[in-house]
Amino acid sequence: MTLAVRYVSARTLDTAPAPSVPPGPGEVELAPAFVGICGTDLHIFHGDMDARVAAPAVLGHEMSGRIVRVGEGVEGWQAGDAVTVMPLRWDDTCPACSAGHQHICQHLDFIGIDSPGAMQQRWTVPASTLVRLPQSLPLDRAALVEPTAVAVHDVGRAAVREGEKVVVVGGGPVGILIALVARAAGAQVRVVELSAHRRLLAEELGLTAWDPAADEVAALVRQWSGEAGADVAFEVSGAAGGVDTAVEVLGVRGRLCLVAIHPRPREVNLHRFFWRELTLVGARLYDRGDFERAVALVADGTIPAGRLISKVVPLTQAPAAFEALEGGGDVMKILVDCTTGTGHLHDAQGVAV
């Protein structure tokens with residue numbers, strides 16, 4: 001048996017024994033080291049995804065760990081290899097897959113939502129989902145590869161080019177990662193975020209951050225861009241006001257990349273789309289190329305992953321960590337330590353203390 005964090009019902013998690021599943025043909029058994037808690041996990045915790053998630057459900061898809069054993073027919077992997085998982089399993093037969101868009105398969109199994117996830121001491125997954133990690137990359141930092149892959153995909157979907165002006169609306173973990181990836185692509189970036197704590201972190205990372213409660217963001221963008229407006233805006237806040245801001249700051253033929261999950265329909269200023277010939281682009285998940293690029297960005301320090309880790313908690317304290325994240329503003333990323341030991345805080349440089 002293995003210990004796992006399970007979603008039981010709305011706002012109820014537990015840590016309970018779960019069966020350890022030996023790897024079958026084409027599978028590997030992993031020992032997860034660190035698992036990040038993300039916004040989707042919080043949606044599950046709130047009960048917003050009960051129509052999709054079959055309780056009790058083991059959560060977690062932002063992970064790092066090592067291989068424990070490999071199943072029959074698995075080649076190129078061995079016990080001890082450091083890995084992360086691209087948590088997607090597609091059918092390869094639906095129209096989306098046939099068109100080459102397997103990551104948005106029409107019958108997608110998102111591992112950690114539709115099937116058991118990584119927040120457990122042992123986890124068996126298809127070998128095809130593995131992404132190799134450099135042995136020199138600390139596993140706590142490596143747990144941020146998956147959200148970095150989201151950011152890489154988002155920046156790619158928006159076709160961000162060198163020298164463009166980019167506004168990221170929402171300075172949570174994914175928003176900051178998008179800003180950093182866009183900057184690495186040569187863009188000039190501004191972050192719009194209500195939380196003073198998150199704005200301070202953005203500034204410490206060399207980004208310029210604006211407070212939409214105190215600043216007239218559209219006016220600042222006009223001044224910054226010489227009245228042209230932004231080339232690209234990312235909506236990462238999930239709020240109606242964030243949508244309004246993202247649309248308003250765009251210049252002629254600007255691109256709006258929708259990243260946040262909006263659980264209910266939003267009013268959108270379509271006249272602005274008509275008047276300025278704007279483009280709306282959806283961005284969901286990632287492909288293997290995005291993951292491999294994310295590994296490189298985290299490994300070489302372009303993404304200062306340690307700076308984004310607010311706290312690490314042991315597996316048994318994961319339910320309380322979900323409640324702590326609901327406060328939002330003073331916390332960026334909480335990791336669950338699936339190995340033995342106690343949790344620990346990180347200082348401003350991401351060093352365990």
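1. Buried here means under 20% relative accessible area, exposed means over 50%, and partly exposed covers what falls in between. The coordinates under review are a predicted model. By that cut-off Asp140, at 11% relative accessibility, counts as buried, whereas Arg141, at 21%, counts as partly exposed.

2. The structure holds 14 salt bridges. One that deserves attention joins Arg11 to Glu326, with 2.6 Å between the closest N and O atoms. This pair links distant parts of the chain, since Arg11 lies in the loop between β1 (2-9) and β2 while Glu326 lies in the loop between α12 (318-325) and β18 (333-337), 315 residues apart. Arg11 is partly exposed, with a relative accessible area of 44%, and Glu326, at 33% relative accessibility, also counts as partly exposed.

3. Asp211 and Arg199 make a further salt bridge, in which the closest N and O atoms are 3.6 Å apart. Here too the pair links distant parts of the chain, with Asp211 in the loop between β13 and α7 and Arg199 in helix α6 (residues 196-204), the two being 12 residues apart. Both Asp211 and Arg199 are buried. Elsewhere, Glu29, Arg69 and Arg122 are linked in a network of salt bridges.

4. Arg190, in strand β12 (residues 188-192), calls for a separate comment. Leaving aside residues up to four places away in sequence, Arg190 touches Val166, Val167, Val168, Thr208, Trp210 and Trp224.

5. Ala213 sits in the loop between β13 (208-210) and α7 (217-225). Is Ala213 buried or exposed? Its relative accessible area is 65%, so Ala213 is exposed. The C-alpha atoms of Ala213 and Asp14 are separated by 38 Å, and these two residues are 199 residues apart along the chain.

6. The largest pocket has a volume of about 1,500 Å³ and is lined by 50 residues, of which Gly39, His43, Val236, Ser237 and Ala260 lie nearest its centre. The elements that give two or more residues to this lining are α1 (39-45), α4 (145-157), α5 (173-184) and α8 (240-248). The largest share, four residues, comes from α1. By residue class, the lining of the largest pocket divides into 24 nonpolar, 17 polar and nine charged residues.

7. The second largest pocket has a volume of about 340 Å³. Its lining is made up of 19 residues, and Pro19, Val21, Pro116, Gln120 and Trp123 are the ones that lie nearest the centre. Two or more residues of this lining are given by each of β2 (12-18) and β9 (123-126), and β9 gives the most, with four residues. The lining of the second largest pocket divides into 11 nonpolar, four polar and four charged residues.

How values were computed. Residues numbered from 1 in each chain as written. Predicted model: local features only at pLDDT ≥ 70, side-chain atom pairs only at ≥ 80, totals over all residues. Heavy atoms only, no water. 1 Å grid on protein atoms, 1.4 Å probe; cavity = no way out; pocket = protein on both sides within 12 Å on 5 of 7 lines; lining within 4 Å. Points joined across faces, edges and corners; volume = space filled by probe spheres on them. Nonpolar A, V, L, I, M, F, W, Y, C, P; charged D, E, K, R; others polar. Contact = heavy atoms within 4.5 Å. Buried < 20%, exposed > 50% of the residue type's maximum accessible area, 1.4 Å probe, protein only. Salt bridge = Lys/Arg side-chain N within 4 Å of Asp/Glu carboxyl O.
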